[in-house]
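Reader: I would like to go through the terms used for this model one by one. Please set each value against its definition.

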Amino acid sequence: MAYLRSILRSGKNAVPAVLRREFHRTLPAAVQQVTVRDAIKEALDEELERDERVFLLGEEVALFEGAYKVTRGLWKKYGDKRIIDTPITEIGFTGIAVGAAMAGLRPVVEYMSFNFSMQSVDHIINSAAKTYYMSGGLQPVSIVFRGPNGAAPGVAAQHAQCFAAWYGHVPGLKVVSPWSAEDAKGLLKSAIRDDNPVVFLENEIMYSVPFEMSEESQSKDFLIPIGKAKIERKGNHVTLVSHSHVVSRCMDAAAVLAKDGIECEVINLRTIRPMDMEAIETSVMKTKHLITVEGGWPQFGVGGEILARIMEGIFLFIFLKCLFLLFIYQSI
């Protein structure tokens, strides 16, 4: 079972037949195996049903049911007004969606790949991200930009970029990067209900990977607050911080190191902006060691931001400690 879990976390498609039978074991009634793809679809379905202001638009999301079949069955259930196929023009349908959000609707924009969001970056940054602030909080822009992000097999350089650091740099945007099925469902529902524009970074590698979901997470009321990380594995020796599909690599590495007596604490960021630095700092104070792991470029990346903030905190701690010691010395 440990080997099977490792394969599933890694997103590999090739599973030996003898192990594949183990996947169909009977689970407790309160627990189900749900793929990340189906968890995203459940979140969309539940929010479309809950709020008539929610609608989905993008290339091939309706009749074809999405390039990765995430929107399977939604067009048949909600019709042309709620599930809208668009021409191949990201700048066009993103602008329409941002305008709809300003008019009080809650659009969900699907990009076939987040690399194509570069066509519409002016709408995302100069319109969606800045309007709530520039209007003094009078004009919310409740919109979600979602789709596959980062590297995947065989997609080449132009389709393999990670945009976590790109969009995480922009004030006014919330940036979410889920790993598990529970992450995907709970965070997407929170994103759709949020009054701020949210960039929701999925990953193609994870779509078909199943995770066990508790009875609580299967509820229509299940939400995960944006901005809260999750400790996926507790440990005392070193902190591993990651997000999206690379969390799988951290979990695999932690399992290997555990055999040598090294217990890793694995933190799944879940959200890039706002970032849960409290969770990271608390873990590093315990383990005294930190490794960041991500699928983006190393310069000006998410890991670099984390390390910079940790170092700032350490120097502030040292400075305050010196002031305290100086005060004690002068008082003697």
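Author: Helix H10 (residues 277–287) and helix H11 (residues 302–331) pack at an angle of about 65°, and their axes are 11 Å apart. The model is predicted: local features need pLDDT of at least 70, side-chain atom pairs count only at pLDDT 80 or more, and totals for chains, interfaces and linings use all residues. Residues are numbered from 1 along each chain as its sequence is written, and side-chain values use heavy atoms, with hydrogens and water left out.

Reader: What makes H10 and H11 helices, and what are their axes?

Author: Helices are DSSP runs of H or I with at least four residues, strands are runs of E with at least two, and both are numbered from the N terminus. Axes are lines fitted to C-alpha atoms, for helices over the stretch in contact, and angles run from 0 to 180 degrees between N-to-C directions.

Reader: Which residues of H10 and H11 meet?

Author: Met277, Ile280, Glu281 and Val284 in H10 meet Ile306, Arg309 and Ile310 in H11; contact means heavy atoms within 4.5 Å. By class, this contact has five nonpolar, no polar and two charged residues. Ala, Val, Leu, Ile, Met, Phe, Trp, Tyr, Cys and Pro count as nonpolar, Asp, Glu, Lys and Arg as charged, and the others, Gly among them, as polar.

Reader: Why is Ser190 called buried?

Author: Buried means under 20% relative accessible area, exposed over 50%, and partly exposed in between (1.4 Å probe, protein chains only). Ser190 has 12%, so it counts as buried. Ser190 belongs to helix H8 (residues 181–193). Not counting residues up to four places away in sequence, Ser190 touches Leu223, Ile224, Pro225 and Ile226.

Reader: How do you know that Ser244 and Arg270 are buried?

Author: Ser244 has a relative accessible area of 4% and is therefore buried. Arg270, at 8% relative accessibility, also counts as buried. Ser244 sits in the loop between strand E10 (238–242) and helix H9 (246–258), while Arg270 lies in the loop between strand E11 (264–268) and E12.

Reader: What is the phi of Ser244, and what is that of Arg270?

Author: Ser244 has a positive phi of about 60°, and phi of Arg270 is near 65°. Neither residue is a glycine. Most residues other than glycine have a negative phi, and most peptide bonds are trans.

Reader: What makes the bond between Arg273 and Pro274 cis?

Author: Omega of the peptide bond joining Arg273 and Pro274 is about 0°. Pro274 is in the loop between strand E12 (271–273) and H10.
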